Amino acid sequence: DIGSTDRVVVSWPAIQSFVRFLRLPAVEGKKGRDMLEFETRQQIPMPLDQVTRDTFTFPLPNGANRLEQMLTLLIAARARDVEEHLGVFQQAGISVHVVQCDAVALHNWLYFDRLANMPEDTADKKAEGYVVVDVGTETTNVLFSFRNAIWFRSLRPAGDDLVSAFVQRFKLTREVAQELIRNPSKAKRLSEVHEEACQVFQNLAAQIEVCLVEFKRSASLGVL
């Protein structure tokens, strides 16, 4: 049961989110807000009244020059898509308090559980962080999580691709294919199961490699 005092947080897929990592001057007050609003309008390719959005600005490392630009995460989604997503909960009489991007939620957990206790960044050295590959049913999130920074990409190869591959290769129902994934020893030819699974994993590994290259490029250009 969900009580009237309970807070309900609903996950939103990163792959359906519009994400940008902005580098803006460390300006506070109205001037800083106006600068962020202007940059947001430049980055989002649709009227802002058609999206729901949020931003988070990471603090500068200790000892950093105040002229150094600050990293801001901009994340948005089509308002109508979010409303449709929440419609299921409204029909069930459930009040939703927060909609959270799944990749950001994973970063928040890492920060709470591990990053908060790690050494802080300095002006000349970035603190160590975590690289997480979160394989879901329909998408895979590749997350680079640091104390004062975040970078992520969402990929299509995921757990359901393995099920679909088994359904097509062995002419199975989805239920039987899922059981085969859990108990591959039941297969008539285990080598064929291994071969089909490896193709899915190799595809996923290739796309993760692309993410690693893209992250390295973003870091070298000063995006992070």
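The expected span of a helix is 1.5 Å times one less than its number of residues. Helices (H or I, at least four residues) and strands (E, at least two) are DSSP runs, numbered from the N terminus. The model is predicted: local features need pLDDT of at least 70, side-chain atom pairs count only at pLDDT 80 or more, and totals for chains, interfaces and linings use all residues. Residues are numbered from 1 along each chain as its sequence is written, and side-chain values use heavy atoms, with hydrogens and water left out.

**View 1. Helix α6, residues 190-220.** At 1.5 Å a residue, the 31 residues of α6 should span 45 Å, and the 44 Å between its end C-alpha atoms agrees with this. Buried (under 20% relative accessible area, 1.4 Å probe, protein chains only) residues of α6 include V193, E196, A197, V200 and L204. Among the elements that cover the buried residues of α6 are β6 (130-135), β7 (140-146) and α4 (159-170).

**View 2. Residue H107 in helix α3 (residues 102-113).** H107 counts as buried because its relative accessibility is 6%. Leaving aside residues up to four places away in sequence, H107 touches (heavy atoms within 4.5 Å) F58, L115, L143, S145, F146, A149 and I150.

**View 3. Residue Q16 in the loop between β1 (9-12) and β2 (18-24).** With a relative accessible area of 46%, Q16 is partly exposed, a class between buried and exposed (over 50%). Q16 touches A76 and A77, residues up to four places away in sequence not being counted. From Q16 to D161 the separation is 145 residues in sequence and 18 Å in space, C-alpha to C-alpha.
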